[in-house]
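Subject: Structure handover

Hello,

Here is the structure for your files. My notes on it follow below.

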Amino acid sequence: QVQLVESGGGLVQPGGSLRLSCAASGMIFRLYDMGWYRQAPGKQRELVAGITSERITNYADSVKGRFTISRDNAKNTVYLQMNSLKPEDTAVYYCKGRHFRHYSLEYWGQGTQVTVSS
């Protein structure tokens with residue numbers, strides 16, 4: 001049974017920082033491409049940042065230079081460091097994992113709320 005559990009969300013002022021964590025279990029973590037997505041009320045879910053099993057990264061233009069995705073395979077955990085936060089970053093952030101070869105093996109976490117407000 002695969003589980004992805006996000007943590008680290010909360011309320012932060014504009015310009016502040018947060019670090020999200022996603023702890024994975026029930027899968028061979030190092031074989032999965034991982035990503036962070038977010039969804040704001042009334043908007044579609046969008047990819048924020050991704051990191052492949054080979055540690056290749058990609059970012060949405062809106063977060064480039066501010067967010068950093070990383071992974072620690074020894075801890076089965078993927079992180080999203082978020083700096084210089086803006087109100088438009090407010091959303092529920094979700095962790096996703098997809099096997100690098102078997103695309104049908106795709107899993108989502110429950111999400112963690114990030115609110116950027118003064």
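A disulfide here is a pair of cysteine sulfur atoms within 2.5 Å. By that rule the count is one disulfide. Please keep in mind that this is a predicted model.

The bond in question runs between Cys22 and Cys95, with an S to S distance of 2.1 Å. It links distant parts of the chain: Cys22 belongs to strand β3 (residues 18-25) and Cys95 to strand β9 (residues 91-99), and the two are 73 residues apart. The torsion about the S-S bond of Cys22 and Cys95 is about -80°, so the disulfide is left-handed. Both Cys22 and Cys95 are buried.

Next, the aromatic rings. The structure holds two aromatic pairs. One of them is formed by Tyr32 and Tyr107: the ring centres are 6.3 Å apart and the planes stand at 40°, so this pair is tilted. Here too distant parts of the chain are linked, with Tyr32 in strand β4 (residues 32-39), Tyr107 in strand β10 (residues 106-108), and 75 residues apart. As for burial, Tyr32 has a relative accessible area of 5% and is therefore buried, whereas Tyr107, at 25% relative accessibility, counts as partly exposed.

Last, charges over rings. Arg45 lies over the face of Tyr94, 3.8 Å from the ring centre. The charged end of Arg45 also sits over the ring of Trp108, at 4.8 Å from its centre.

Regards

Conventions: Residues are numbered from 1 along each chain as its sequence is written. This is a predicted model: local features need pLDDT of at least 70, side-chain atom pairs count only at pLDDT 80 or more; totals for chains, interfaces and linings use all residues. Side-chain values use heavy atoms; hydrogens and water are left out. Helices (H or I, at least four residues) and strands (E, at least two) are DSSP runs, numbered from the N terminus. Buried means under 20% relative accessible area, exposed over 50%, partly exposed in between (1.4 Å probe, protein chains only). Rings of Phe, Tyr and Trp (its six-membered ring) pair if their centres lie within 6.5 Å; planes under 30 degrees apart count as stacked, over 60 as edge-to-face and the rest as tilted. A charge sits over a ring if NZ of Lys or CZ of Arg is within 6 Å of the ring centre and within 35 degrees of the ring normal.
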